[in-house]
Amino acid sequence: MKRLVVVESPTKARTISRFLPSDYQVEACMGHVRDLPSSASEIPASVKKEKWARLGVNVEEGFEPLYVVPSDKKKIVKHLKDSLKDVEELYLATDEDREGESIGWHLLQVLKPSVPVRRMVFHEITKEAIMRALDETREVNAGLVDAQETRRILDRLVGYSISPLLWKKIAPKLSAGRVQSVAVRLLVEREMERLNFMSASYWDLKAELAESGQRFDAAMTHLGDQKLATGRDFDENTGHLKEGSHALTLSEDAARGLAERLKAGSWTVSEVEHKQVKRRPSAPFITSTLQQEANRKLGLPARRTMQVAQALYERGLITYMRTDSPTLSAEAIEASRHAVSERYGKEFLSPEPRQFSAKTRSAQEAHEAIRPAGTEMKTKDEHGLDGMDGALYDLIWKRTVASQMADAKLRQTRAIIIAEAGDDKATFRANGQVVEFPGFFRAYVEGSDDPEAEIDNRDNPLPELKEGDNPGCNGIEAEGHETKPPARFTDATLVRTLEADGIGRPSTYASIIDTIVRRGYTRREKNQLIPTFTAFATNALLSQNFERLVDARFTARMEEVLDEIADGKTKARPYLEEFFNGDGGLEAKIEKSLETIDARGVSTLEHAKWEPYVVRVGKYGPYTEGEIDGERQTASLPADLAPADVTKEKLHELITTGNDERVLGIHPEADMPVLLKQGPYGPYVQLGDDDQEGKPKRTSIPKGTELADVDFDMAKRLLTLPRTLGEHPETGSPIKANIGRFGPYVQHGSTFASLKEDHVLDVGLEKALELLAAKARKNEPLRTLGNHPDTNEPIGVYDGRYGMYVKHQKTNATIPKDKDPDAITLEEAVALINEKAAKKGKGRGRAKKKAKA
């Protein structure tokens, strides 16, 4: 009897095929085979005139979704239908979470099979798991499908209803989302805390002492009976001590004078306290903790972490990667404990098997932690993994094994030491720690790349001190400190906050962050997520008019409702009716907001630190506005200026330099003025006036260059760019240095390499060749799929600034989100590239017609 098994991706299909009998045919559906319309062209003619058609949801009759099969999925659907003709059973082997259940249900609706259908679920792709899944099939879970469909409808109603409002009131191409808007609010509120923050300075003393020939450090905590101020004693919004605080603030002079006097004083140990401390290993990874740790240790954004994890899962190397359960199966615990005994010794094994329970309100994804698949617990080297695949697998392996290891045992010592000199009496504290037994530290330390080094770092022993000892003072220094503003969110800390607040689910965190980055609400800089001024304006509009949609508690409650729908405790349609059409529902609020929202008001950002200037978000980006000599003046804000870093002085500089252009001199050859001007992307030099015939030559000022340093000579040199550095030793083609929109670079043919440290006017040929060689290596595809059938030129998979894409010659085509980049085939890539090339051709055709007209 022949059977058809349908999974999401070719990689998963190939892996599963290895374990199934020969009469099982495995095919990939490439994710969802149907969805709500993504554009007006996909809306069927029969409903196109309906008021609700643009939403893709019939909000007038039961919130019935309008599903269509996208054009790029029609060939796949036809292939699956053809395959069904020759089989006697259909197995739906899509992922075991809500998304996978939904994909399976849509397959049923589209394929309409006449043969028996079995739902096959597993959380790892091993022979044992696949054969067990064949024996334990079930029906499609209607509750999971309803919950996923409700989520999709809610997201569509919010996004398609509010986004047009943002276009009209703030700027085009903006978007709102049920969960992404809450994430944006978190970023904006943190940035506001940084903007409101007032720094405070304080001083204390640090002494280097010695006892029995062993040196150790001690920090001052009290002067007399009064506690010294530390960072937590200061109010973040005033920079002064918090109300009611009696802490003592030392000035620099007072601290230095006290240090000088105490150095010659007497030092006596007044108290010694020893404490035994145990550290337990963390639970095995769930989706959120994997994303957090991969961000901290490997520097991976959440999206990239999930891409790598998906590929590892589909190759049968780890268990399912979307889960909020840290539980391990009995087989996994046994395998992990065996690995501990074999690799570290039985003394490193926990006395009893450890099991962990979920902390989330409702674990609704897969029901086991992320761990190495199977029972062999092979290391990355034994699997032959390297690169990011190896790094992430190693993280998962170590975390899993460490969960079954013994507690780490530490001995902590705290010593109180009194220093006296004349009328001065100061209290110092010295802390020490010794790792008496490393336990799980031997395999894994959270936040550390090197467990062995971390063990060494945690060893900070004090000498054997006892009350009455008189350690010697080798030196004492006054140390100044400044309080720091709250840290900006990173991928890791934002995921942790979203999870703690119950916002979103494991499968959504990566896409949430990816969306707000792509939409221009935040940008990444040194792992920080910095909100833009556009995020501030959007958050202002939503907070003032749609408070519930950006309220964390309301959004968390929506997630609970979805869980209740999945469990059959709540009906979806009444909830959707109340949300959209009820009193105070979304539709009524939007209609009201179209008339009442003051577009200029929500796009205007004011702060006491900026007065008399304001920042506005306009159609072409953020700009500052203020009066100079009684006249209203404006100036664009640089794209890399963070809201919390804006000062009145900075805005004044932008307005004055942006409008009072500086004439640096008259160019000796062109006989035109050389001007220093300010534009939306920063300052630049220009040859000639704006009203001359033709576009004047302009060159951006390199980032980091002080405007005061831009003189006539530098401007002339900048205007000569691009400059030729010499010829490439292999090709003979010229190597050039220039400045583009994204900064200075060197170029050889179609290869460009950014200049990070070298100045564009000074970089030499040798350095340029070095940078270009490094960039060429980086430009190599992650994977070459094969040659295009029409040109016989290679097609590769690349990881770009805006996501994964395939490239052929000069055509780049984005890989759709529902396609696995690691599993995309040559045929699929050719289809994407041909479709993109066809669109380019149509665009050129329209441009030519317009030009003729």
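Mentor: Happy to; we will look at two helix pairs in turn. Keep in mind that this is a predicted model.

Trainee: At what angle do the axes of helix H6 and helix H16 cross?

Mentor: Start with the two axes and the angle between them. Helix H6 covers residues 180-196 and helix H16 covers residues 533-545. Their axes cross at roughly 115° and come within 9 Å. Angles of 65 to 115 degrees count as roughly perpendicular, so H6 and H16 are roughly perpendicular to each other. As for handedness, H6 passes H16 in a left-handed crossing.

Trainee: Which residues in H6 and H16 meet?

Mentor: From H6 come Ser181, Val184, Arg185, Val188, Glu191 and Met192. On the H16 side they meet Ala535, Phe536, Asn539, Leu542 and Ser543. Sorted by class, this contact has six nonpolar, three polar and two charged residues.

Trainee: Now the other pair: how are H14 and H15 oriented to each other?

Mentor: Use the angle again. Helix H14 (residues 491-500) packs with helix H15 (residues 509-518) at about 125°, and the axes are 11 Å apart. H14 and H15 are therefore oblique to each other. Their crossing is right-handed.

Trainee: And what classes of residue make up the contact of H14 with H15?

Mentor: Look at who meets whom, then sort them. Asp491, Leu494, Val495, Leu498 and Glu499 in H14 meet Tyr509, Ile512, Ile513 and Ile516 in H15. By class, there are seven nonpolar and two charged residues in this contact, with no polar ones.

Key. Residues numbered from 1 in each chain as written. Predicted model: local features only at pLDDT ≥ 70, side-chain atom pairs only at ≥ 80, totals over all residues. Heavy atoms only, no water. Axes fitted to C-alpha atoms, helices over the stretch in contact; angles between N-to-C directions. Helix = DSSP H or I, 4+ residues; strand = E, 2+ residues; numbered from the N terminus. Parallel < 35°, antiparallel > 145°, perpendicular 65-115°, else oblique. Left-handed = near helix turned anticlockwise from the far one by under 90°. Contact = heavy atoms within 4.5 Å. Nonpolar A, V, L, I, M, F, W, Y, C, P; charged D, E, K, R; others polar.
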